[in-house]
Amino acid sequence: MKYLVTGADGKLAGRVANNMLEDVAGTDLIFTCPNLARVPMEKKTAWEEKE
């Protein structure tokens, strides 16, 4: 099953994204955000490593 987290550059959805990565495989997650520049590089790197 695939999961979509919208607004992953925000505070709430950013935490949801991190929590989802603990329980769901990265290949089953899709994160969207209107402004990718607002996501810190460390967070983007951590998300990409979970794939």
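Is Trp47 buried or exposed? In this predicted model, local features need pLDDT of at least 70 and side-chain atom pairs count only at pLDDT 80 or more, while totals for chains, interfaces and linings use all residues. Residues are numbered from 1 along each chain as its sequence is written, and side-chain values use heavy atoms, with hydrogens and water left out.

Trp47 counts as buried, at 11% relative accessibility (buried, under 20% relative accessible area; exposed, over 50%; partly exposed, in between; 1.4 Å probe, protein chains only). A search of the whole structure finds 1 aromatic pair (ring centres of Phe, Tyr and Trp, the last by its six-membered ring, within 6.5 Å; planes under 30 degrees apart stacked, over 60 edge-to-face, the rest tilted). Phe31 and Trp47 form this edge-to-face pair, with 4.7 Å from centre to centre and 65 degrees between the planes. Because Phe31 lies in strand β2 and Trp47 in helix α2, the pair ties together parts that are 16 residues apart in sequence (helices, H or I, at least four residues, and strands, E, at least two, are DSSP runs numbered from the N terminus). Phe31 is partly exposed, with a relative accessible area of 24%.

Asp9 is placed in the loop between β1 (3-5) and α1 (11-23) and counts as buried at 11% relative accessibility. The Asp9 side chain reaches the backbone nitrogen of Asn35 at 3.5 Å. Leaving aside residues up to four places away in sequence, Asp9 touches Cys33, Pro34, Asn35, Arg38 and Val39 (contact, heavy atoms within 4.5 Å). Pro34, in the loop between β2 (29-31) and α2 (41-49), is exposed at 74% relative accessibility.

Methods:
A polar contact is a pair of N or O atoms within 3.5 Å; within protein, one must be able to donate a hydrogen and the other to accept it, and residues adjacent in sequence count only if both atoms are side-chain atoms.
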